[in-house]
Amino acid sequence: MSTDQEILDRLGALRAADLPVKGGRTMAYVYDSGLEGIEELASEAAARFAGVNGLDMTVFPSVVALENDIVARASRLLGGDESTAGTFTSGGTESCLLAVYTAREHARRTRGVLAPEIVLPDTAHAAFHKAAALFGLKPVVVPADPETYAVRAEDVAAALTENTALVVVSAPSYAHGVIDPVTEVAGEAARRGILCHVDACIGGWYLGHLRLSEDAPALPPFDLSVAGVTSLSVDLHKYGYAAKGASVLLFRDAELRRHGWFAHASWPGYPVVNATLQGTKSAAPLAAAWAVLERIGTEGYVDLSMRVHRAAVALTEGIRSVEGLRILGRPDSSLIAVAADEPGIDPFVVADEMRGRGWYLQPQPAFAGSPANLHLTVTAAVAGEETVRQLLVDLATAVRAARELGPVDIDPELVAAAGLLDPDTLTPEEAALALSLAGVGEGGELPERMAPVLAVLQVLPPKLTERLLPELIGRLYT
């Protein structure tokens, strides 16, 4: 039997290989407020509720009290009223899944739709495609404007049919940080009797508090106060700076939310009723989120949001001054997409160079009208003047290095051969061959520099890439 210290030492050794989650240098996946004591408070709150099961709120009424408090806070911030209903979920993906499931059931029950469709921009989060696959909806994808990266309301309107169960818009889109025309899209959806969901998972808490500042920039309307918006998702483990596993799904009213409940009494066990995809679920993330929201408070979030806004503006201006780079679109939020402005610079090589300098900028492959780029999520931990300055200095240095190294060289004949593979009949041997072209080892070992892997995956047909990605990740677990 291992001692407590041996167990903790082993965990520490495993964590040593991870990217840092504090300090602002990992500009994706993690959100750091930079405030002292927040993580310790969340951990203590989670520990007190670790054994509480959110499955049965009649046995654990504390779950109802905390959830009602959090939902009410989110509703007040994001345009809700006394009719607004909501659910605490495990994250943005679950919130989006539940929004789609509710819309499917609503369309079936109220309009008799048996072949439901979901209309969404090509910039919408992958979670909606996951929801469509799980719940049997047909995705109808509308291309975003290639200059602004926002969807055009008239294009969405043209895609609506009698089978449309839900329209999705983003506030903002993850890839480019752009807010879609929520007012126009939601208005058209309402005119057709169709539900409209706003994906504000990454931006809702930030934008909602930002606009409360006296110095706030002008922001387009995007929340439940917009006529026609029927649901909205917002994550608390992003710009709420809560521990992972915390999101809220808001509905226009309880009548709409009713279509998303699962209830079952046709078995010999206890009556089951769930508002989420999970049955048994720990109340620890709920308690941790509640504690952090209470600790930071509205004024604290307004201050953090303004700090992020100023840092994002400074970074945008600084990046535009770096020769060879450009910003995609006109970001409305704290997310910045940085592309190359000359053919000799490969964004994936820049990402590798930045990682060698202690920064993680998330590579985003080219898709449709969006070129290969680097995604920066600006959090409060990045907002220090020295951190912004150092990031810009290192980025300029990385660009110069990438220019000297040149883009990743891919053998076109090998890519052409790989492109002939059929994703539907791909054998393990063929998958291994295709991955080896990208520099992936036989046991799934990833190369130190990821630019070659990303470059190959980017030029393959999307369906083949989607088939290879599980093969790639699956090798990590063998």
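The structure is a predicted model, in which local features need pLDDT of at least 70 and side-chain atom pairs count only at pLDDT 80 or more, while totals for chains, interfaces and linings use all residues. Residues are numbered from 1 along each chain as its sequence is written, and side-chain values use heavy atoms, leaving out hydrogens and water.

Two packed helices are described by the angle between their axes and the distance between the axes. Here, α10 spans residues 284-320 and α12 spans residues 385-405; their axes come within 10 Å and cross at roughly 25°. Axes are lines fitted to C-alpha atoms, for helices over the stretch in contact, with angles between N-to-C directions running from 0 to 180 degrees. The pair α10 and α12 is therefore roughly parallel (under 35 degrees; over 145 is roughly antiparallel, 65 to 115 roughly perpendicular and the rest oblique). Helices (H or I, at least four residues) and strands (E, at least two) are DSSP runs, numbered from the N terminus.

The loop between β13 (373-377) and α12 holds Thr379. Thr379 is buried, with a relative accessible area of 4%; buried means under 20%, exposed over 50%, and partly exposed in between, with a 1.4 Å probe and protein chains only. From C-alpha to C-alpha, Thr379 and Glu67 lie 26 Å apart in space, and 312 residues separate them in sequence.

Some backbone details are found in other loops. Between β6 (231-235) and β7 (247-251) sits Tyr241, which has a positive phi of about 60° although it is not a glycine. Tyr241 is buried, at 6% relative accessible area. Tyr29, in the loop between α1 and α2 (38-48), is not a glycine either, yet has a positive phi of about 75°.

On the surface, Ile7, Leu8, Leu11 and Leu14 form a nonpolar patch with about 370 Å² of accessible area together. Patches are made of residues with over 30% relative accessible area and no salt bridge, with nonpolar side chains (Val, Leu, Ile, Met, Phe, Trp, Tyr) joined within 5 Å and like charges within 9 Å. A salt bridge is a side-chain nitrogen of Lys or Arg within 4 Å of a carboxyl oxygen of Asp or Glu. Accessible areas come from the Shrake-Rupley method with a 1.4 Å probe; for residues, only the protein chains shown count as cover. Ile7 belongs to helix α1 (residues 4-15) and is partly exposed, with a relative accessible area of 42%.
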